[in-house]
Amino acid sequence: MVVAKKGSPIFQSKEDANFREALKLYDSKQYKKALKLVDANLKKNSNHAESLALKGCCNHFVGNKSEAEPYILKAIQKSPENYLVDHLAGIYYRTVENYEEAAKWLKAANDNGSPNKPILRDLSFMQTQIRDYKNLKDSRQQYLENQPGYRANWTAVAVAHHLNKEYSNAVSTLTKIEGIIREHLTEADRYEQSECALYKNSIIAESGDPAKALQTLEDDKDEIRDGLSYLEYKAKYLLMLNGYEEASVEYRKLLQRNSDNAGYYHLLELSLGSISKPLETRIKLYEKLSKFYPKSDPPKFLPLTFIPASNKAFETKAREYILPQLQRGVPATFVNVKPLYKNHQKLKVIEKIVTEFFENEVGKIANPTVHVWTLYFLAQHYLYLNDLEKASKFIDDALTHSPTLVELYILKAKVLKHQKEYVAASDIMNEGRELDLQDRFINTKATKYYFRANRVDEAINTISLFTKVEDGNVNGCKDLHLMQANWVLIESAEAYSRLYHEYQVKLEELKNSEDENEELEKDVVENIEIYRGLALKRFNAIIKIFKLYYNDQYDFHSYCMRRGTPRDYIDTLKWEDKIHSTPMYTRVLKGLSSIYFELYDEQIKKKEDDLEDNIKIKKANKKQKKVKAQANKKKSELIAKVESEKDDADPLGNKLLTDLAESDIIEDLYLLFKPLIEEGKDLRLTWEVLYKIYLIQGKYVLALQAIKSLNKILTAADDFKFKAVGAKVVELSETLSKDPKVNAAIAKVVEKSLVSTFPQFGELSKEAFLEIYSK
Amino acid sequence: MGITIRQATIRDIQAMQNANLQNLPENYLLKYYMYHILSWPQASFVATTYDYSEDVDDDEEDDEANGEVEQGAEDENKKPKVHDRIIEEVQDPKGDPAYIAKGEKIIGYVLGKMEDDPEAADKTPHGHITSLSVMRTYRRMGLAEKLMRQSLYSMTESFKAEYVSLNVRKSNRAALHLYRDSLNFEVTSIEKSYYQDGEDAYAMKLLLKLDELVPTKAQKGEIDDFTSDLLA
Amino acid sequence: MGRDIVSLDDLTVNNLGVFKKINEVVLPTSYPEQWYKDSLNADQIVKLAYYSELPVAAIKAKTINTSHKAGTYEHMQQQQINSKIIPNAVYIESFAVLPAYRGVGIGKKLLDFIIEETKNKFVHEILLHVHIDNKTTIEWYEKHGFIKDDDIVKDYYKAQGLENPDAYILTLKV
């Protein structure tokens, strides 16, 4: 709410009284009425800044969005020091999610003397959203001073200190409020008390003082309800303080809580010092643990990772691990042992165990399912070895044996996929799906395989069985967008990409063929455009969803302080900070980058062509009406299938495509990749693409940096010389020498640095250098 | 493989949402997962695969993960060689949304909460299971039961939940078996047309007592007294 | 698991594909799409059998009046009893157990189900056609108390393209 100071000197005129009235209306969401009063004001005094600002806000809310910001801008230009104007500007920018500007104007409102203290709270949300932690401290602190009666405000100050790595301030703030509140806690506050104690504790540990953290943890023991965190913290501190024996006891307690957490076994071994003990000791350790926790996987599996294949115990243990799973019909039996296959000897031992079991034992077992699960295992085994013939044989035998077992269809389809039979694979997957229409997992698989076979319509129709299909819609495409079904969107995007590439190939063939077929060619061109637009559209849909994901944190800047969950809140901020480097998003960027580069090449080519002849195009524009009407019908059917939201203004991504084709494509791509410079610095993709961008933009120093960053990632594993690096070194050097516009000093710096980073580049011929960098 | 069960964190929610979308008809926006983690961080758990040191993960979903239908290079030589392994180590993580990190893939989750509806008739603190699922290819390993036991224990401990409720589709025999036979839930009522598609739900309930809920108790193994010498 | 390794369950719209698959791989005869769709109707006698939670067998039967005998497989499948006619027998239309799952008591369990259903309908006869060459099946029914009719139904399976298309009728009194 915007608070106007009563009787303040700025409310002297009739306009001010009107404005006050309008503000009230605005606050009660009666924007049209407010607008009327404001307009009356502006008629009399077109310079009335508050009215201008309020008009901007009202315009936004009545849907006249393009007429909102101009008024805000006019208002802040006229009276930048009027805190009411500042506040309204802040509200406006917050509403349009421009948090940077919002923070600026809310801060101005406060600095210019607004008596409205909740501005500080709003300001702190903006500052967190834009990660301005330095100023966050002030606003949280000032607000606390205004409202010290709420624990949330103390927690918020501590969080602000913590985010600035001011550990002792954070801890003392938390300690202070703990002391104040201790006597007044009700049962309802106990959870918050527990969380805040653990938060304080984690900060102490983070500050590098495990001894103090341990001491404080014990002091606060009675306050702490989260027994899991308590034990995990304690065990960790003890390990850090070399209290191995005590740590081992805590890990045993943790195992008693959760004996399926593999990490605890590792840490238990660390505290027992057993890793350096004889193999027999370790084996015995796990045998004991297995007796404590007979239904847990890690004590049975982990020994298989450290017993050498040559040791007889490996075979015994592997048999004990695998055969009962086959007998129980555990579908993941193969997947469970597959990590061991990295060691080829272990693979061989396991192959022997299962083959022998199949040949000698399976026939004697009354339960027929053991037979099929063993066939299923062997098929996966040979698929792993890429022996597709044997894999096919085993999976076909399994299907003959138990043609109603859905898992077999999944594997059969996978084998077909490896044989590049994408269409057949999708048919088989669908056959499996038809056996269990209720199971969404197999529906997902069938959908995915349809996409991989570029059968987009069938894919969407299949998955639509599990989506909402509103009246009047032909499928669940809109619901999939709404429900953030990213995997579907990316599979569609990639399928559309493949489709338009297929049509591009077709177009080339047509152009090279003898006989002319204008109709067909036109059709192919149209398909290229449609599928490329759709690919772009789907990739962009995920970008949009990730914007939502990022904005989702907004409400929690306030909520978590009140709820008392600062630990997970801090986690959330850090997670959001890296959200653009998560697998889904990087896959989108990868897909988009190749489209962008293609479009860029076409843009260049078009410019050249345009100079030559722009007459040809006009000739092609003549068309028969009838054909057009038919095409329109086809198009509206297509649109009904692919619309991503109700009344989609650009259902085929056509506008996206044309806008992009006319923009600075490479700069747009750069903006997409910019977040990865921080968030995805460990990804190859980041530097591969940025390198290319910089090279095109003629930013050679940055291109050089990109090669260096890429090389750093690649050589992290070993001292390998990668082709991906070598080729770029050569390319950069050659581009430099050919660029007539390049600044000589810069060229020199880059050349020099190339040679110093890759000495062999200076010493050897280009060919010899590339030979070395050929991995 | 290595499969591990641990408390869910905010870093898991994208993959949890993905697992939910692939397994179940009832789906939620990411913010709802955030809301769970940031309101009742102790109540949700995940089952994931994990990498152990010498391991380079590549399993069922894995090689389907990357957008381009994979090309020959990957297929041709699956036999492990040191060389390939190093090259694979410097590959970016696959674009499969099930993955949280390299080799770490969500294969099951339980999303738990406390009743927070101010309108709710019953004011005693009690929990609710919003969603539970395990990937089909990882079934029959008891993961769903283990996930449930973790969630129930923690929600009782941290939030003093006195009972927990959930809904299950009438036709879902496997789930009914898990809740009723393995975990001792009782059917309290049948909710007509509870689901979007018109199917009825069983409303189920379990009274919670912390000392009976210690998750490993159900394994009926020997009891670790924490003092015996494990290396003797 | 604690559950019986063999269990019976209803046919639903979601597992109809299983019913079809089992019939397709086991039986030499085929059934039209409509026949499968009609199997879901409430008045149908139909059941799936599961072995260790895997569907491996299926049976479908209907009430008939034996005075209206149909002479071919196709007629027999199409024949639906008129509400005015009082049924006097249960006719087994399809009965299939996956080969790998035979000899573990699944067929018996399904047959018991049919017998129970027959009794519930106050009918005292179960009958079916069997291909004349299908010795093992005939033996199985005889072992379970069915009596083979001496008359052969000529060309019963002719349109199904079976070699030697005659059939026996087997009957069980309950």
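Predicted model: local features only at pLDDT ≥ 70, side-chain atom pairs only at ≥ 80, totals over all residues.
In what follows, a helix is a DSSP run of H or I with at least four residues and a strand is a DSSP run of E with at least two, numbered from the N terminus.

Before I go on, residues are numbered from 1 along each chain as its sequence is written, while chains are lettered from A and ligands numbered from 1 in the order in which they are written.

Of its 13 residues, 12 are buried, so α5(A) is largely enclosed by the rest of the structure; buried here requires 20 or more other C-beta atoms within 10 Å of the residue's own, with C-beta atoms placed from the backbone. The buried set runs through Y83(A), L84(A), V85(A), D86(A), H87(A), L88(A), A89(A), G90(A), I91(A), Y92(A), Y93(A) and R94(A). As for what lies over them, the cover includes α3 (49-61), α4 (69-78), α6 (99-111) and α7 (118-129) of chain A, where contact means that two C-beta atoms, placed from the backbone, lie within 7 Å.

Which residues does Y83(A) touch, not counting those up to four places away in sequence? They are A109(A), N112(A), G113(A) and S114(A). Y83(A), which is found in α5(A), has 25 C-beta neighbours inside 10 Å and therefore counts as buried. Its C-alpha also lies 8.8 Å from that of W105(A), although 22 residues separate Y83(A) and W105(A) in sequence.

On a wider scale, the domain assignment (an automatic or database one) divides chain A into domain 1 (14-186) and domain 2 (681-775), and the centres of these two domains of chain A, taken over C-alpha atoms, are separated by 48 Å.

Let me turn to chain B, whose secondary structure comes to 6 helices and 8 strands, arranged along the sequence as β-α-α-β-α-α-β-β-β-α-β-α-β-β. Chain B has 232 residues, and buried residues make up 47% of them; among its contacts with a separation of 6 or more, 74% come from residues 24 or more positions apart.

Taking two strands as paired when DSSP finds at least two bridges between them, β2(B) pairs in the antiparallel sense with β1(B) over 5 bridges, where I3(B) stands opposite T49(B). β2(B) also pairs in the antiparallel sense with β4 (residues 104-114) of chain B over 4 bridges, and there Y109(B) is the bridge partner of V46(B).

How many residues does each chain bring to the contact between A and B? Chain B gives 79 residues and chain A gives 93. On the side of chain B that touches chain A, β1 (3-7), α1 (13-23), α2 (30-39), α4 (82-89) and α5 (143-159) of chain B each supply at least two residues.

Finally, chain C has an open sheet of 7 strands in the order β1-β2-β3-β4-β5-β7-β6, with mixed pairing. At its edges stand β1 (6-9) and β6 (147-153) of chain C, each with a single partner strand, so one side of each is left without a neighbour in the sheet. The twist averages 25° from one strand to the next, with axes fitted to C-alpha atoms (for helices, over the stretch in contact) and angles running from 0 to 180 degrees between N-to-C directions.

Strand β7 (residues 167-173) of chain C runs antiparallel to β6(C), joined by 4 bridges, with I152(C) opposite Y168(C). β7(C) is likewise antiparallel to β5(C), joined by 7 bridges, and here L172(C) is the bridge partner of I126(C). Of the 7 residues of β7(C), 5 are buried, so β7(C) is largely enclosed by the rest of the structure. Across β5 (125-131), β6 and β7 of chain C lies helix α5 (residues 135-143) of that chain, running at about 165° to β5(C).
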